[in-house]
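This report describes a structure for a reader who has not seen it before.

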Amino acid sequence: MGSNDLIQLSCKKASQGDPNLSYKFCVSSLEANSQGHSLDLQELVVISLNLTIANATNINSTISRLLKDKAFDKFAKECLRDCSELYSDAIPTLQEALCAFQSKDFAKANIEVSSAMDASSTCEDGFKEKKGEVSPLRKENDVFFQLNAISLSFINTLASK
């Protein structure tokens with residue numbers, strides 16, 4: 001089975017198991033980062049976890065830029081600072097997940113990814129505390145959530161084998 005076949009099959013299974021996960025997003029994220037090599041599901045987990053770590057780092061850079069923007073009021077900036085802390089904490093948590101996964105401790109990897117995944121929803125919820133406030137990180141939070149969902153689905157598939 002070629003890498004693209006494995007990616008498509010794995011993403012199909014993952015998206016069927018999670019209504020919040022887009023099949024197209026899953027396939028395009030992994031195909032763009034598989035460099036055409038022949039991969040197995042374990043290598044796809046490593047790719048997806050590394051993508052998620054890089055994504056959290058990029059989100060923190062975006063937050064730093066947004067904090068300098070004078071268009072945001074005190075409430076929004078406080079939310080952004082909270083989000084920055086959440087994503088800063090998610091990075092080492094995902095690195096722990098990667099180590100656990102590589103040690104075949106799938107249960108610990110699952111717990112760590114699930115914990116990191118909460119950063120996106122907690123960040124988004126902070127903005128909802130003020131009526132009419134719109135999160136400037138909605139798209140970033142969604143992408144981060146989906147990348148974590150991919151990793152979780154693949155880890156759980158391997159754990160059940």
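The model is predicted. Its largest nonpolar core has 50 residues. Within this core, the residues with the most contacts are L30, L49, Y87, F101, F144, I150 and F154. The largest share, 12 residues, comes from α4.

**The pair α3 and α6**

Two packed helices are described by the angle between their axes and the distance between the axes. Helix α3 covers residues 41-67 and helix α6 covers residues 138-159; they pack at an angle of about 160°, and their axes are 9 Å apart. Angles over 145 degrees count as roughly antiparallel, and α3 is therefore roughly antiparallel to α6. The crossing of the two helices is left-handed.

On the α3 side, the contact is made by L41, Q42, L44, V45, S48, L49, L51, T52, N55, A56, I59 and T62. On the α6 side, E140, V143, F144, L147, N148, I150, S151, F154, I155, T157 and L158 take part. By type, the residues of this contact divide into 14 nonpolar, eight polar and one charged.

**Residues in the contact**

L49, among the residues with the most contacts inside the core, also belongs to the α3 side of the helix contact. Residues up to four places away in sequence are left out of the count; L49 then touches L94, A97, L98, F101, V113 and S151.

N148 lies in helix α6. Is N148 buried or exposed? N148 counts as buried because its relative accessibility is 0%. Leaving aside neighbours within four places in sequence, N148 is in contact with T52, L94, V113, A116 and M117.

The two residues are set out below with their contacts.

| Residue | Contacts beyond four places in sequence |
|---|---|
| L49 | L94, A97, L98, F101, V113, S151 |
| N148 | T52, L94, V113, A116, M117 |

**Other single residues**

R65 is placed in helix α3. With a relative accessible area of 55%, R65 is exposed. R65 and Q16 are 49 residues apart in sequence, and their C-alpha atoms are 36 Å apart in space.

K104 sits in the loop between α4 and α5. K104 has a positive phi of about 65°, although this residue is not a glycine.

Key
Residues numbered from 1 in each chain as written. Predicted model: local features only at pLDDT ≥ 70, side-chain atom pairs only at ≥ 80, totals over all residues. Heavy atoms only, no water. Axes fitted to C-alpha atoms, helices over the stretch in contact; angles between N-to-C directions. Helix = DSSP H or I, 4+ residues; strand = E, 2+ residues; numbered from the N terminus. Parallel < 35°, antiparallel > 145°, perpendicular 65-115°, else oblique. Left-handed = near helix turned anticlockwise from the far one by under 90°. Contact = heavy atoms within 4.5 Å. Nonpolar A, V, L, I, M, F, W, Y, C, P; charged D, E, K, R; others polar. Core = buried A, V, L, I, M, F, W, Y, C linked by side-chain atoms within 4.5 Å. Buried < 20%, exposed > 50% of the residue type's maximum accessible area, 1.4 Å probe, protein only.
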